[in-house]
Amino acid sequence: MSELEATDSETYIKEWFVDILHQFPHVDFSFKTVNSTFKPDSISYREAVFFLCSLPVIWCVIFLLLTSCCLCLQCIRKPPQKTDKSTCLRVSLFIIIFLSIGILTPGFYGNEQTSKGVGKFVEAVKDTNETITEAVDTLGTLNDLAKSISERSVLALENVIRQYTNESVRTSLESLTNDITEAAKKARGDVASIRLATPNITLYYIVQDTTDYEFYRWIGTVVALCFTLGVLLLILIAIWQKSKCIVMLSIFIGFLTLLVIWGSAGFYLGGTVAGADLCYDPDLFVENVTSQKVDRAIVKAYIECPLGSTDPDMFSQNIKMARDAVTQANNTLYKIKAIVKPFNIPQLMEPMRRVAEELEYCSGNITVLAEDLDCREIHKNYIQAVQGICNTSMLGLVFILLCLPVSGLMFILTMCLLPRFWRLIGKKRGYRPVDDADPFCPRPPPYNGSLNPGPESEVLPMHGPLAETPPPAYRPTGTFVENYNFGPSRSRYSSET
């Protein structure tokens, strides 16, 4: 049922994505097609939901195996003779990571929207539970009042009549008290009929379970998104610093992040499809669940609550008959007062006052019961609950469902590029600047002017500052020429002298 009309013009309209998700193929573990009607008690339906949950996880495991093989190949490959530049790859990783961070933003928004919709659902269920509880308490009060009138108050009135009235008056008064007793019993029977049609139903367990599940779902989603965001920032730092250690750490943590992302995607895929199946026809599911305790016609009357109606027909008739019985009992009591008034019997005042008070309490409780059983209030809560789950929460689930797979694909691309980047950022070995004035810097030995070194006595001593001594020069003729600066004069030695 795509649209439910309420007496206050509130409606539930299916969202377009509910129809799309409802049409997803439902296949169990034996690869047989399953009916997409929401039936959580059906084993085959649960298998179909679990099958959808397992698809992203299976895809993630396959990718992790392939990535591990690629990483091993990168490690055992012989490094290239000429190191390629990593600038282009570095810029690409920057762009991918910033896009991934941006893609995570709708996930946080969807998480809050889902929590907001669940909050609306919980509030509506609480109001409905309070209405039902109040109606059940009112039925119990009416039953006690009718029992008290018929079994105690009227009997007390009859005892006083027997003691202080003559035979002719006593006969007419006993007939009237019998009418009050019958009216009270009739009202009690009408109340009992309503009580049997509405057993002691409590919705508190729904509120408690929903609140607990939503708390763990919200916390788990926030932790998963924040963990993914933290790993992306770690990769960003590794790329900026060009640190091989941080890049390798990011790769290993990235494998765990992929499991978190695709595991969460599987959870939300199955949950969103199941939610779409529920929201495709929520009326049918509610009728099937509650029909075991409440008559289906009554549940349907509250779910639909056509324009202009107030109570279900069965309750309206019983409430009207109970109200008529109380009115009849009040009229009978007025007749008794009129009959005994000329006799001025003060002993009759207290029993008649007690009966009048109890009849007044009955009349007030019947009015409260009619308000509690009014279908418009419960139907309004029902529409609010359905809108909270099927409009607000489903929109949030769709945002999360779109965010996680796209983020997972971007993360897969990042994990494919990181091993290549790790190889390109190896340490470069080159020349370092040397201070020529350092006395501990190694220098070539001095020559005595020939290729064969002479005795030590022929080696000329070096004078002057070392900083002005140029390095030895090599000439193609096979001679070494060393120029030593000895202050104002310069001596030159060559192979020709």
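I began with K320, which forms a salt bridge with D324, the closest N and O atoms being 3.3 Å apart. This is a predicted model, so I keep that in mind for each entry. The two residues sit four apart in helix α9 (residues 313-340), which means that about one helical turn separates K320 and D324. I looked up accessibility too: K320 is exposed at 52%, while D324 is partly exposed at 38%.

Next I went to helix α10 (residues 349-372), where E357 and R353 are also four residues apart, about one turn of the helix. Their side chains meet in a salt bridge of 2.5 Å, N to O. I noted E357 as partly exposed at 31% and R353 as partly exposed at 39%.

I then checked D19, whose side chain meets that of K14 in a salt bridge (3.5 Å, N to O). Here D19 is partly exposed at 28%, but K14 is buried at 19%. My tally for the structure is nine salt bridges.

On to helix α8 (residues 296-304): I found I298, V299, Y302 and I303 buried. They cover an arc of only 135 degrees around the axis, so they lie on the same side of α8. At the start of α8, a side-chain oxygen of D295 comes to within 3.1 Å of the backbone nitrogen of A297. After α8 comes C305, with a positive phi near 45 degrees.

Last, confidence: the chain's pLDDT averages 78, and 78% of the residues score at least 70. Residues 456-460 stay under 50, with three contacts beyond four places in sequence.

Technical notes:
Residues numbered from 1 in each chain as written. Predicted model: local features only at pLDDT ≥ 70, side-chain atom pairs only at ≥ 80, totals over all residues. Heavy atoms only, no water. Buried < 20%, exposed > 50% of the residue type's maximum accessible area, 1.4 Å probe, protein only. Arc of directions from axis to C-beta. Polar contact = N/O pair within 3.5 Å; in protein donor to acceptor, adjacent residues only side chain to side chain. pLDDT = per-residue confidence, 0-100. Contact = heavy atoms within 4.5 Å. Salt bridge = Lys/Arg side-chain N within 4 Å of Asp/Glu carboxyl O.
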